[in-house]
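Dear colleague,

Please find below the structure that I am handing over to you. My notes on it follow directly after.

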Amino acid sequence: MPASKRDHLLATAECLFYEQGFHATGIDRIVAAAGVVRMTLYNHFASKEALVAAVLQTRHARFIASLDAATAVAPPGQATRALVDAHGRWLEHSSQHGCIMVKAMGEFAEHSTEVHALAISAKRDLLARIETAVARDGLDHHADLARRLFVVLEGSNTAVVLLGMQPALSDTRAVVDALLNAARSVSS
């Protein structure tokens, strides 16, 4: 089944925003790449800011669904590891150039409180997912563990750009393993 024009616009805009930046990508570039006229875009999105918000919401929903799917089938005691591995797969397949939410926070901090708040909310949502996984693994009595894991995963978003995919993912797994092993040894 072919994608709707709205979905096609979202996918095109997401790719362009991610690769070129939000402010550097104009409406004319988006409609040309999508093969539609301006009016088609504005029939689906009231403004460029509304398109940016929809792109971020749609991408975040896919990301969170991938984390939730991984943790849902994780064996007992392995929800956090499953989440971390799902995050790594997301980086490999969808986020080789850093985090689009961080890019949005940077570009919209002074320009759009709505878009900036949306990106912040997405990061809080990730932290909540980590907290849930840690609790499911019985490690939630380590108050700082989820926050530290969050910092490691966020760091991996940038490390991928600087170090390359495999070194960044390998180092992320090593740090996560060290944090989880330390938490488990204190619990024993």
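In this predicted model, the charged end of Arg-59 lies over the ring of Tyr-18, 4.9 Å from its centre. Lys-103 also places its charged end over the ring of Tyr-18, at 4.3 Å from the centre. A charge sits over a ring if NZ of Lys or CZ of Arg is within 6 Å of the ring centre and within 35 degrees of the ring normal.

The model is predicted, so local features need pLDDT of at least 70 and side-chain atom pairs count only at pLDDT 80 or more, while totals for chains, interfaces and linings use all residues. Residues are numbered from 1 along each chain as its sequence is written, and side-chain values use heavy atoms, leaving out hydrogens and water.

Next, the aromatic rings. Rings of Phe, Tyr and Trp (its six-membered ring) pair if their centres lie within 6.5 Å; planes under 30 degrees apart count as stacked, over 60 as edge-to-face and the rest as tilted. There are three aromatic pairs by this rule. One of them, Phe-17 with Phe-22, is tilted, with 5.1 Å centre to centre and 40 degrees between the planes. Phe-22 also pairs edge-to-face with Phe-108, at 5.4 Å centre to centre and 65 degrees between the planes.

Phe-17 counts as buried because its relative accessibility is 0% (buried means under 20% relative accessible area, exposed over 50%, partly exposed in between, with a 1.4 Å probe and protein chains only). Phe-108 is buried as well, at 6%.

Yours sincerely
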